[in-house]
Structures are given as C-alpha cells and as structure tokens.
Amino acid sequence: MIIRATSYPRAGLIGNPSDGYFGKTISFAFSNFRAEVMMYHSPELEIIGNVTDHTKFDSFQSLVGDISTHGYYGGVRLLKASLKTFFDYCCRMKIQLDDRNFTVRYSTDIPHGVGLAGSSAIITACFRALIAFYGVSISKATLANLVLSVETDELGISAGLQDRVVQAYEGLVYMDFDKTTMERQGYGYYEPLDPSALPELYIAYRNDLSQCSDVVHNRLRDRYNTGDQDVFDAIDFWAGLADQAKDRLSKGQGRKIGELLDANFDMRAKLCKLSEGNIRMIEVARSVGASAKFTGSGGAIVGTCKDSEMIDELVKQFEEAGITVIRPVIASGSTEDVR
C-alpha cells in the first residue's frame with residue numbers, strides 16, 4: 001500500500017508576527033501549491049531525497065546557485081527530524097508501533113524561502129503519512145505542537161505556532177495564543193472561520209526577496225526578552241487587529257479588512273528594518289488601491305482587492321517587475337481531529 005499525504009502553504013492574513021509572543025493571528029492555507037510525502041512498506045527504513053537534496057551538479061556555478069536558492073540543507077533533514085519526533089512522541093504516550101519498515105520520500109512545489117511555510121508543510125505531510133501508516137490518532141492541536149517541536153527542538157529553527165496550526169486545521173483559522181491558556185492546556189484557542197466571508201484576495205511573491213525567518217524572529221525575540229516596550233505594544237496592536245478582522249468577517253464585512261492589513265504592515269515597518277525590495281512590493285500593490293502586508297517573514301505579500309479588475313491591474317504592474325501574482329484557493333479544512 002502506498003500512502004500519499006499532503007500539506008499546503010499558508011498566508012498569515014493578519015496579526016503576525018505576534019504568534020510567538022502570546023498574541024493573536026488569522027491565517028489561511030491555500031491549495032495552489034502543495035507538499036506531498038509518499039510512504040510505503042519496504043524491507044529497510046529508507047529516506048529518499050528530492051531534487052533539492054542532490055549532491056551531483058553540472059558545474060561549480062550550478063552548485064553555488066543551488067546553495068543560494070535552497071541553502072545547505074534540503075528536505076531530508078526535515079523528514080529525519082519528523083520521524084524522530086514522531087517516534088519519541090509515541091514512546092512518551094506509550095503508543096505501540098509495529099516493526100514494519102518503510103520508504104519515505106517527498107516532493108513540493110511551494111515557492112522556496114518566501115514566507116509561505118514550505119518547510120513546515122513538508123513536516124506536516126510527513127506526520128500525516130506516519131499517522132496513516134501506523135494507524136494512530138493525533139489531535140490537530142497536538143499535531144501543530146509536534147511540527148513546531150521538529151523545527152525548534154530538533155533543528156534549532158526559530159518559529160511560532162501560527163504556520164503549524166493552520167496547516168494542521170487548514171481552511172481559515174483564528175488563533176489566540178493567550179499565555180494562561182497555553183500554559184493550562186499546552187496549546188492556544190483555535191477557531192476555524194468561514195472562508196466565504198473573505199474578500200477578493202491575492203498573493204504576490206518573488207524568490208529573490210526572501211528574508212530568513214530566523215533573522216526576523218531572533219531580532220524580535222531578543223528585543224522581547226529584554227523587555228522592549230515598543231515590541232510589547234506592537235504585539236498588543238497586532239492582536240487587536242486580528243480581533244477586529246475576526247469581528248468584521250463574522251459580520252459579513254470582509255471587504256473592510258483591507259485597512260487592517262495595511263495597519264499590520266505599517267506597524268511592522270515601524271518596528272523592523274525591512275529590505276527595499278520588500279517595501280517596493282507593498283508600494284506597488286497599494287498604488288493600484290490594493291491592501292498589502294507580508295504573508296510571513298518577507299518575500300511574499302497578501303492583500304485584498306476591490307474586484308477582479310483591480311487584481312488584473314495588480315498582475316500587470318507586478319509582471320513588469322518580475323513578480324508572480326496568484327489568487328489563492330483556500331484549502332478545505334474541518335473541525336475533526338487528524339487520524
């Protein structure tokens with residue numbers, strides 16, 4: 001039997017980057033791209049890499065180009081860390097796994113390094129494959145925690161829960177990471193929202209404008225840990241925007257969330273040093289009347305448009321600058337636990 005498990009990229013709609021600081025966010029998973037993990041029974045346990053994991057190159061230039069695009073590590077380390085974390089979790093929970101071996105491999109077409117959570121999508125898909133292969137049950141909230149621990153504990157990557165929660169639940173999700181709630185139950189309050197309440201959305205990205213999430217998270221973390229009041233005020237501000245957006249969506253006022261997205265970015269630009277290329281993407285979007293903010297750490301933006309004509313104009317303006325624009329298709333989600 002061959003098991004195929006998928007996971008999708010996500011866009012932080014509003015509230016980010018307060019997810020690692022007991023704040024609130026709203027995000028959505030979208031199915032224009034995907035990460036897939038395939039798993040099947042085999043005599044030995046084998047991990048097969050993807051094109052980004054190869055070690056043979058046509059030339060010195062192609063080696064350097066590959067490193068510039070994908071870094072020194074591909075997806076194999078994500079699979080290895082996922083397998084270890086899953087095994088350790090099952091041991092802690094006294095879940096007995098049978099002694100079958102398997103071969104696991106992954107593929108992904110999620111644009112790399114532009115803040116769409118491509119790495120956590122691979123990890124989430126791997127966990128879904130393991131869950132199906134061994135027939136165990138893991139709640140979505142727990143799945144999100146496990147995926148985060150793969151990155152933070154096993155691989156030392158700075159990250160928050162937002163990406164992993166929305167990839168576990170899919171659809172459109174409101175997240176409240178209230179500290180008391182997190183400490184009491186080990187995860188936040190997660191509420192799936194109705195995606196049909198959203199206005200016309202777009203996502204735009206270009207691969208040469210990414211900014212390492214470690215850099216963004218670590219700068220904020222250092223300032224947060226030293227008690228920087230500007231950071232605390234910004235986190236409260238972003239959390240308030242998430243609540244306002246949730247309220248407007250619930251009242252059928254989705255067209256009115258654009259100004260909140262703009263405010264989200266403006267606070268980020270005030271608090272953090274941003275690259276001129278990323279700022280330029282925002283400026284181009286706003287020049288045609290669209291709202292705009294980062295989907296994550298930079299390299300991709302998300303925003304609202306008044307109508308299809310505005311999106312067409314946005315596509316025209318961005319294509320001239322070599323920037324890709326898509327209309328995100330919200331990945332269907334459910335309130336049921338993962339099995």
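Colleague: Where is Phe22 placed?

Modeller: Phe22 sits in the loop between strands S2 and S3. Helices (H or I, at least four residues) and strands (E, at least two) are DSSP runs, numbered from the N terminus. This is a predicted model, in which local features need pLDDT of at least 70 and side-chain atom pairs count only at pLDDT 80 or more, while totals for chains, interfaces and linings use all residues. Residues are numbered from 1 along each chain as its sequence is written, and side-chain values use heavy atoms, with hydrogens and water left out.

Colleague: What is the phi of Phe22?

Modeller: Phi of Phe22 is near 60°, a positive value in a residue other than glycine. Phe22 is partly exposed, at a relative accessible area of 37%. Buried means under 20% relative accessible area, exposed over 50%, and partly exposed in between (1.4 Å probe, protein chains only).

Colleague: Which peptide bond is cis?

Modeller: The bond that joins Asn16 and Pro17 is cis, with omega about 15°. Pro17 is found in the loop between strand S2 (10-14) and strand S3 (24-29).

Colleague: And Lys94, is that buried or exposed?

Modeller: Lys94 counts as exposed, at 74% relative accessibility. Lys94 belongs to the loop between H2 and S6, and its phi is near 55°, a positive value in a residue other than glycine.

Colleague: Changing topic: what is the pLDDT average of the chain?

Modeller: The chain averages 91, and 93% of the residues score at least 70. pLDDT is the predictor's confidence in each residue, from 0 to 100.

Colleague: Where does pLDDT stay under 50?

Modeller: That applies over residues 335-339, for which the model has 14 contacts beyond four places in sequence. Contact means heavy atoms within 4.5 Å.

Colleague: Let us turn to the helices. How many residues has H3?

Modeller: Helix H3 (residues 118-134) has 17 residues and reaches 25 Å from its first C-alpha to its last, close to the 24 Å expected at 1.5 Å a residue. The expected span is 1.5 Å times one less than the number of residues in the helix.

Colleague: Why is H3 largely enclosed by the rest of the structure?

Modeller: Because 14 of the 17 residues of H3 are buried. H3 is followed by Gly135, whose phi is positive, near 65°.

Colleague: How many residues of H5 are buried?

Modeller: Eight of the eight residues of helix H5 (residues 162-169) are buried, and the helix is mostly covered. Among the buried residues are Arg164, Val165 and Tyr169. Just after H5, Glu170 takes a positive phi of about 65°.

Colleague: What does Thr85 contact, leaving aside neighbours within four places in sequence?

Modeller: Thr85 is in contact with Phe127, Leu146, Ser149, Val150 and Glu154, those neighbours left aside. Thr85 is found in helix H2 and is buried, with a relative accessible area of 7%.

Colleague: And Ala234, which helix is that in?

Modeller: Ala234 lies in helix H8 (residues 229-250). Ala234 is buried, with a relative accessible area of 0%. Leaving aside neighbours within four places in sequence, Ala234 is in contact with Met267 and Leu271. The C-alpha atoms of Ala234 and Leu271 are separated by 7.8 Å, although the two are 37 residues apart along the chain.

Colleague: Now the loops again. Where is Gly115?

Modeller: Gly115 is in the loop between strand S6 (102-108) and H3. Gly115 is buried, with a relative accessible area of 17%. Not counting residues up to four places away in sequence, Gly115 touches Arg10, Thr295, Gly296, Ser297 and Gly298.

Colleague: What does the side chain of Asn50 reach?

Modeller: The side chain of Asn50 reaches the backbone oxygen of Tyr106 at 3.1 Å. Asn50 itself is found in the loop between strand S5 (46-48) and helix H1 (60-70). Not counting residues up to four places away in sequence, Asn50 touches Tyr106, Ser107 and Thr108.

Definitions and conventions: Polar contact = N/O pair within 3.5 Å; in protein donor to acceptor, adjacent residues only side chain to side chain.
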